[in-house]
Amino acid sequence: MCGIIGIITKKDRNLIPDITASLSDLEYRGYDSAGLALLDGGVIRVYKCVGAPSQNLNSEKIKKSLGLSETNAKVAIGHNRWATHGEPSVINAHPHLDCRGAVAVVHNGTILNYAKLKEELIGKGHVFSSETDTEVIPHLIEDYLGEGLSLGESVAKTCRGLEGSFGLAAVSAASPELLVVAKNGSPLVIGVLKESLIVASSQNAIIRYTDRIISLHDGEMAELSAGGELVYSISKFGDASSAKVSRQEEKITGISMEDVSKGEFETFMLKEIFDEPASVRAALLGRSDKNKGDAVLGGLIDYSDYLAHISHIYFVACGTAHNAACVGKEIIESLSDIIVESAIASEFRYRKHNFPKLDTAVFAVSQSGETADTLESVKEAKRKGYKTFGIVNVVGSAIAEETDAGIYTRAGLEIGVASTKAFTSQLAAIYLLALKLARERGMSVQKGKEYITELERLPELLKKTLELSTEPTKEIARLYGGIKTINFLGRGIHVPVSAEAALKFKELTYIEVGSYPLGELKHGPMAVIDKESLSVVLSPKDELFDISKNSIEQIKSKGGKIFLITSEDARGDSGINKADSVLYLPVLKEKLFYPMLEVIPLQLFAYHFAKNLGRNIDKPRNLAKSVTVE
Ligand code: G6P
C-alpha cells in the first residue's frame with residue numbers, strides 16, 4: 001500500500017528512468033497516482049500525475065513539464081499511491097512539500113495523529129495544500145530545520161512525534177547531497193551499489209540493480225550521503241544521541257529478475273497461476289519424512305512440545321489468506337480433535353476471545369506479512385497472552401518478525417493484485433501443519449505415509465489441472481459472458497473455496513457475485529435462481545457428493561444454469577447430467593486436497609471473464625496488494 005523509492009548517486013545523472021522502473025516494480029502496492037522529486041543543486045523539482053507511474057512518468061514528459069533541458073540530479077525520491085486520506089489527485093499525490101518548497105517527503109503508512117499535528121502547524125502559520133496525513137511531515141521537518149537542526153536531526157525529531165506507521169524518505173534543498181529515510185511499521189530496505197544507494201519499500205524494486213541490501217528495523221533511520229564518498233549511517237530515531245547502529249549487508253534471496261517480469265505471459269496473474277505447480281512444490285520441498293509419516297517444519301521446531309498439546313487454534317487473516325485459513329479449519333478439524341476458528345483479522349482484533357490462553361495457538365496467515373489488520377491481530381493476541389505463529393510468504397516481513405515462530409510459504413514474488421499462487425502455497429503449508437498436529441494426536445504412521453504420498457503428487461496434479469482447465473475455462477467464460485447473476489457454491493471444505501472463487505471473480509470483473517454453502521441455497525439465495533443465473537458448483541466425488549446432487553436438481557428445477565467442477569471418478573454419474581458445463585479434476589485419494597486443485601479452474605474462469613470485459617487484470621480498480629492501513 002503505497003510504494004516509495006529514493007536514489008542517491010555519486011555523480012549527477014538522469015535518475016528518472018530508474019525511479020520509474022522501480023515504481024513500476026512497486027505498482028502492486030498502489031497505482032492511483034504517482035510523483036517524484038529531483039534534488040537539482042539547491043532546488044527541489046517536483047512532478048506528479050494521476051494514474052500508474054509505468055504509464056505516466058517519463059523523462060521527456062517531465063522535462064517538458066518542468067521546463068528543463070536536462071533532468072540530471074544526484075538525489076531523487078518517488079512514490080506511487082493507494083489513496084487513503086484524500087482522493088487520488090495531483091494535489092494529494094506525493095512527494096509533499098513544506099511551505100517553502102524546500103523539503104520534500106514521500107511516505108508509505110498512516111499517521112494516526114496527523115489531524116492534531118496539522119492543527120498545531122496551521123496554528124503556527126503553516127499552509128497545507130493536500131488532504132493527506134503525510135503532509136504534516138515536511139512541515140514538521142521545516143520547523144525543526146528552522147530551529148537550526150540538521151536534516152537528519154529534524155527527521156529524527158519529526159519521527160518521535162508521529163503516531164502510526166511509516167516508511168519515509170526526505171530531502172532538503174539545503175542539503176543537496178543527502179537523503180534521509182526512516183522506518184516504523186512499513187517496510188524499507190536499502191540497496192547497495194558501487195555508484196549509488198537505493199531505498200525502496202520492497203526488495204522487488206531493488207533486485208533489478210543489486211542483490212546486496214541493508215535492512216532497516218522499526219524505529220531506525222538512515223542518512224545516505226553522496227558528499228565525497230557514498231556513505232550511509234543508521235541510527236535509532238528515538239535515541240537523541242543519534243548513536244550509530246552497525247548493520248551487516250545481506251543478500252536478497254528467494255526472488256530474481258525473472259520474478260519481476262511477465263516472461264511469455266500476458267499478465268502477472270496468468271504467470272502466477274501457471275507458477276502454482278512449482279510454488280506448491282517449493283512449499284512442500286523437504287518438509288516431510290515419509291518413514292515417520294510426519295511433517296518436518298523447521299520453523300516450528302522450538303514449539304513442537306507446545307503444539308503437541310494445544311486444544312484450540314485461531315487463524316487470523318484477511319482476503320484470500322482468510323479463505324485459505326477457512327480451508328485450514330476444515331482440514332485440521334477433520335484430522336485431529338483441535339477446535340479451530342478462522343477469524344477475519346479486522347474482526348478478531350476488536351473482539352473478545354474465549355479460547356483458553358495457554359492451550360490456543362494463534363496462526364496469522366499472510367502473503368505479504370504486512371497486512372495491518374493481521375499484524376494488529378497478532379499484537380493483540382500477544383497482549384492477551386496467546387502464542388502466535390505465522391504462515392507468511394515474505395521473509396522477514398512484519399508478521400514474520402512479530403510472531404513467535406512460523407512456516408514460510410515459499411510462493412516467491414506475487415505481483416498480480418488478485419492473489420493466486422499465494423493461496424495454494426498457504427494451503428500446502430497448512431496441509432503440512434495439519435499432518436504434524438494430527439500425528440501428535442493419534443494419526444497412524446501408515447495414514448501419515450499415505451497422506452505424504454498424496455501430498456507429493458499435488459504439484460504434478462496441479463500441472464494436469466492447469467492443462468485440463470485452460471481451454472474449457474476460456475470457453476465457459478465466453479459462454480456465460482452476458483450472465484447477470486452468479487453464485488459460487490459448495491459443501492464442507494468446498495465452502496471456503498467457493499468464497500475464494502467469488503472473491504477472485506469480484507476483484508477482477510467488478511461484478512457482485514455470491515458464495516454460499518450449497519445447502520443454504522434453499523434458505524434465501526434460491527430466490528435469485530432463474531434461467532439468467534449461473535451456479536458454479538464445487539463437488540468432487542467425496543462423502544458430500546451425493547447430497548450435493550440434490551442441490552443441483554433444485555437449481556435445475558428453477559431453470560438455473562450450472563457449471564459443475566467435479567472429479568474424473570464422477571464421470572457418468574446420473575446426478576451430474578443436469579449440469580450445463582462440467583469440468584473434471586484428477587482423482588485424489590485424500591479428498592481433503594481437492595481445494596488445491598479446484599481453485600485452479602476458478603482462478604482461470606475469473607481471469608477469462610474479466611479479460612473478456614476488458615478489465616485491468618493485474619491492477620483491479622480500488623485495490624492494492626499490501627493493505628497496510630486499517
Ligand atoms: C489485500 C489483497 C488480497 C489479500 C489480502 C490479504 O486485500 O488485495 O489479495 O488476500 O490483502 O493480504 P496478505 O498479504 O495478508 O495475505
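## Around the ligand

A backbone N or O atom of Thr320 lies 2.9 Å from an oxygen atom of the ligand, which counts as a polar contact (a pair of N or O atoms within 3.5 Å). This is a predicted model, where local features need pLDDT of at least 70 and side-chain atom pairs pLDDT 80 or more, while totals for chains, interfaces and linings use all residues. Residues are numbered from 1 along each chain as its sequence is written, and side-chain values use heavy atoms, without hydrogens or water.

## The surrounding shell

The shell has 14 residues, each with a heavy atom within 4 Å of the ligand. Its makeup is 5 nonpolar, 7 polar and 2 charged residues, with Gly counted as polar. Helix 10 (residues 319-335) gives the most, with 3 residues; helices here are DSSP runs (H or I) of at least four residues.

## A cavity in the protein

Looking over the whole structure, you will find 1 cavity of 30 Å³ or more. A cavity is a set of points on a 1 Å grid where a 1.4 Å probe fits but cannot get out, and lining residues have an atom within 4 Å of a point. The largest cavity has a volume of about 70 Å³, and its lining includes His85, His94, His107 and Asp133.

Technical notes. Polar contact = N/O pair within 3.5 Å; in protein donor to acceptor, adjacent residues only side chain to side chain. Helix = DSSP H or I, 4+ residues; strand = E, 2+ residues; numbered from the N terminus. 1 Å grid on protein atoms, 1.4 Å probe; cavity = no way out; pocket = protein on both sides within 12 Å on 5 of 7 lines; lining within 4 Å. Points joined across faces, edges and corners; volume = space filled by probe spheres on them.
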